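Here are my notes on the sheet and the aromatic contacts. Please read them beside the model.

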Amino acid sequence: MANNETQVVIVGGGPVGLGLAIELGQRGIATTVLEKTRDLHRIPKGQNLTQRTMEHLRSWGVEDTVRSLRPTPPHIRSGGVNAFGSLLGDYAHAWFRRSDVDQFYFAASERLPQYLTERALRARADQISGIEVRYDTAALSVGQDDSGAFVDTNRGRMFADFVVGCDGSRSVVRSQAGIGETRTDHDRRMVLLVFRSHQLRDLLAARHEDAAFFFVLDPALDGYWRFLGTVDGESEWFFHAPVDEKAGGADPAAMLHQAVGAEFDVELVYHGFWDLRIAIADTYRQGRLLIAGDAAHSHPPYGGYGINTGFEDARNLGWKMAAVLQGWGTEKLLDSYTEERRAVFVSTARDFIEAFIEDDRRFLREHDPADDDFEQAWRNRRTGSGRAVNTFAPHYEGSSIVAGPPGGITSAVGEHSLAARPGHLLPPPRVPFGDLGGDFTILSALAADVGSVVDEARRLGVPLEVKQVDRLTAAQYGHDAVLVRPDHYIAWADGAAGEDAVATASGQ
């Protein structure tokens with residue numbers, strides 16, 4: 001459209017919307033973010049930031065700022081405890097230790113409330129000249145035609161090439177675009193408490209001194225958790241649990257004391273409810289209207305996948321949308337956003353979130369502390385507690401823009417490895433993070449002949465850099481040449497059809 005005010009309008013200035021704006025802004029794309037409020041919501045959600053998320057934040061120039069805002073002391077790790085009955089009962093083991101897979105990423109995980117991450121992202125967005133954040137601006141409707149898209153707001157109509165809804169599970173953009181969603185409703189009403197206690201940390205310190213969050217199993221809950229976590233490592237906490245809201249719920253202090261297994265002081269800060277369900281949009285794109293984050297997929301806070309999955313959406317979509325706007329990307333490339341990201345979330349919901357509930361339900365129905373086999377069953381459970389972290393390795397092996405293995409399937413389930421595998425993230429050995437810029441990169445050993453790949457990139461107008469690696473790095477990767485996408489996933493490794501690698505990866 002000739003009267004476009006910007007190239008991309010992002011509806012929703014939460015962490016995903018801001019992350020996408022930064023990704024686009026750093027690529028020279030004019031971006032406007034519409035956010036209804038200037039206030040940062042103080043509910044401490046989205047606290048567990050994975051290693052992959054910290055890689056995103058490093059790419060966006062905000063990692064150090066985010067780490068400096070961490071409210072918890074260093075000895076509180078980004079890991080948890082799984083307990084039976086209560087936290088001070090006889091059965092508890094370490095669970096969800098993200099540090100177990102640190103070696104496979106360029107950055108360590110972090111922990112801080114979402115509102116602090118948002119503060120850092122807002123400050124970074126303000127530093128990029130191509131980004132405008134319009135606060136106190138609500139999207140009322142969206143639309144599109146062959147030449148562009150528009151957003152009607154409480155301040156008037158805006159025109160752009162694309163509109164992206166990062167506006168939460170009740171997304172205006174998703175609804176107005178006519179994008180349906182599939183829901184799995186667990187028919188569970190959950191309570192969310194935010195509270196202060198000056199005794200709870202000391203109460204837990206003797207047995208769980210360095211844990212940040214705690215999951216409590218109870219046969220009466222049939223696989224659903226009581227979920228407790230620290231916010232600042234000292235006096236501020238949050239708590240989720242199933243309740244019967246129609247019957248008035250339950251006394252907050254009593255619920256907390258039951259989960260911990262002892263009484264302690266409780267000063268309630270927030271008391272709310274939410275429905276436990278999983279929802280996923282049928283597509284993440286309808287022409288010039290796209291969605292990301294909770295607008296595309298929502299789920300209970302089991303495993304800390306929410307904010308991390310949303311950031312990966314932003315990273316995946318950002319370079320593809322920029323490529324289209326810069327003239328070298330294709331419709332197929334933009335369509336691959338849904339293809340890749342939706343498949344990963346379907347797997348995340350099925351193979352992790354739903355599987356947690358089913359596995360716990362099965363355990364609680366089959367085992368009881370009064371039975372002779374309970375001790376062994378609990379030991380087996382403790383031994384297998386690393387699955388949630390060790391096998392969560394999202395990849396795009398089945399993507400149409402990746403030269404993946406024959407019959408490859410895109411999934412959230414994978415195996416961490418230091419080898420370079422098409423469809424998977426580039427592992428970190430011996431390659432400085434700074435060598436991976438915002439464009440395609442070929443990591444090439446001296447003996448590799450990548451001239452045909454470089455020539456094809458030049459012919460197609462695809463930005464590509466060549467970085468030399470030594471023989472030890474090539475041996476570690478298992479390849480003399482590796483083509484890395486702008487989001488640091490591997491598109492191709494040396495072998496057949498090298499001359500087609502760039503065309504495939506760019507959707508040509």
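1. Eight bridges connect strand E12 (residues 181-196) and strand E15 (residues 236-243), which run antiparallel. Strands here are DSSP runs of E with at least two residues, helices are runs of H or I with at least four, and both are numbered from the N terminus; two strands pair if DSSP finds at least two bridges between them. Met190 stands opposite Pro242 in E15.

2. This is a predicted model: local features need pLDDT of at least 70, side-chain atom pairs count only at pLDDT 80 or more, and totals for chains, interfaces and linings use all residues. Residues are numbered from 1 along each chain as its sequence is written, and side-chain values use heavy atoms, with hydrogens and water left out.

3. The open sheet has eight strands in the order E5-E4-E13-E14-E15-E12-E16-E19, with mixed pairing. Its edge strands, E5 (91-95) and E19 (297-298), each pair on one side only.

4. There are 29 aromatic pairs in the structure (rings of Phe, Tyr and Trp, the last by its six-membered ring, with centres within 6.5 Å; planes under 30 degrees apart are stacked, over 60 edge-to-face, the rest tilted). Phe84 and Phe374 pair edge-to-face, 5.2 Å centre to centre with 65° between the planes. Phe84 is in strand E4 and Phe374 in helix H10, so this pair ties together parts 290 residues apart in sequence.

5. Phe374 is buried, at 0% relative accessible area (buried is under 20%, exposed over 50%, partly exposed in between; 1.4 Å probe, protein chains only). Tyr91 and Phe374 also form an edge-to-face pair, at 4.8 Å and 70°.
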